[in-house]
Amino acid sequence: MAYQLVQLDIQATDNIQCPHCRQQVINWAEEQYVQPCEHTLFIAMDIGFEYITDEFEQTMRRTVDDLHANDDQVSVIAELMAAQYPEFTIYQSDLGIEGYSRYIGFTA
Ligand SMILES: [Zn+2]
C-alpha cells in the first residue's frame with residue numbers, strides 16, 4: 001500500500017501542522033487559511049480540492065477538473081487512495097459538517 005491513513009483527533013477549527021517542517025498548512029489565523037509547505041501533496045475535502053501538486057495529480061486516475069465536474073458521483077477519498085504516488089500519508093480530520101472530512105496529503 002502506497003499510503004498511510006492517519007485520523008487526526010482534532011476540531012474542525014484547529015490548525016493542522018506538517019509532520020516534517022511543522023508549518024501550519026491549515027492556519028485559521030491567516031486570511032488564506034490554506035498554507036501548503038513543500039511536503040504538502042494535496043489539501044482536499046469530500047466536496048473538492050483546495051490544493052494539489054501537479055506531481056500528485058499526475059498519479060491519480062482522474063484529474064481534479066474531472067472530479068470537480070462530476071462531484072456528485074465521485075468519492076474524493078477513494079480517488080486519493082487509488083493514486084499511484086509512491087509513498088504518502090493522508091491526514092484525515094473532521095470538517096465540522098456531519099459526515100464530511102478534510103484530507104491532507106504529505107510526503108512520507
Ligand atoms: Zn512541511
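**A walk through the predicted model**

The protein has three helices and seven strands. The model is a predicted one. Read from the N terminus, its elements follow the order β-β-β-β-β-α-α-α-β-β. The radius of gyration is 13 Å, close to the 13 Å that the globule rule gives for 108 residues, so the protein is as compact as a globular protein of that length. Along the principal axes, the C-alpha atoms fill a box of roughly 35 × 30 × 25 Å. Buried residues account for 23% of the 108 residues. Among the contacts with a separation of 6 or more, 44% are between residues 24 or more positions apart.

Five strands make up an open sheet, arranged in the order S1-S6-S7-S4-S5, and their pairing is mixed. Strand S1 (3-7) and strand S5 (48-52) stand at the edges; each has a single partner strand, so one side of each is left without a neighbour in the sheet. On average, neighbouring strands of this sheet are turned by 20° against each other, direction ignored.

Strand S4 lies between S7 and S5 in the order of the sheet. On one side, S4 (residues 40-45) is joined to S7 (residues 101-107) by five bridges, and these two strands run antiparallel. Within this pair, Thr40 stands opposite Phe106 in S7, while Phe42 stands opposite Gly105 in S7. S4 also pairs with S5 in the antiparallel sense, here over four bridges. S4 and S5 form a hairpin, with two residues between them. Phe42 takes part in this pairing as well, with Ile52 as its bridge partner in S5.

Is S4 enclosed or open to the outside? Five of its six residues are buried, so S4 is largely enclosed by the rest of the structure.

The largest nonpolar core holds 19 residues, of which Phe42, Ala44, Phe56, Leu80, Tyr103 and Ile104 touch the most other members. At least two residues of this core come from each of strand S3 (24-26), S4, helix H3 (76-81), strand S6 (88-94) and S7. S4 gives the most to the core, with four residues. Tyr103, one of the core residues with the most touching members, shows how separate parts of the chain come together. Leaving aside neighbours within four places in sequence, Tyr103 is in contact with Ala44, Val76, Ile77, Leu80, Ile90 and Gln92.

Gln58 lies in the loop between helix H1 (54-57) and helix H2 (64-69). Is Gln58 buried or exposed? With 11 other C-beta atoms within 10 Å, Gln58 is exposed, because a residue counts as exposed when that number is 12 or fewer. Gln58 and Tyr85 are 27 residues apart along the chain, and their C-alpha atoms are separated by 8.6 Å.

Note on methods:
Residues are numbered from 1 along each chain as its sequence is written. This is a predicted model: local features need pLDDT of at least 70, side-chain atom pairs count only at pLDDT 80 or more; totals for chains, interfaces and linings use all residues. Two strands pair if DSSP finds at least two bridges between them. Axes are lines fitted to C-alpha atoms, for helices over the stretch in contact, and angles run from 0 to 180 degrees between N-to-C directions. The radius of gyration is taken over C-alpha atoms; the globule rule is 2.2 Å times the number of residues to the power 0.38. A residue is buried if 20 or more other C-beta atoms lie within 10 Å of its own, exposed if 12 or fewer, and partly exposed in between; C-beta atoms are placed from the backbone. Two residues are in contact if their C-beta atoms, placed from the backbone, lie within 7 Å. A nonpolar core is a set of buried Ala, Val, Leu, Ile, Met, Phe, Trp, Tyr and Cys residues joined through C-beta atoms within 7 Å.
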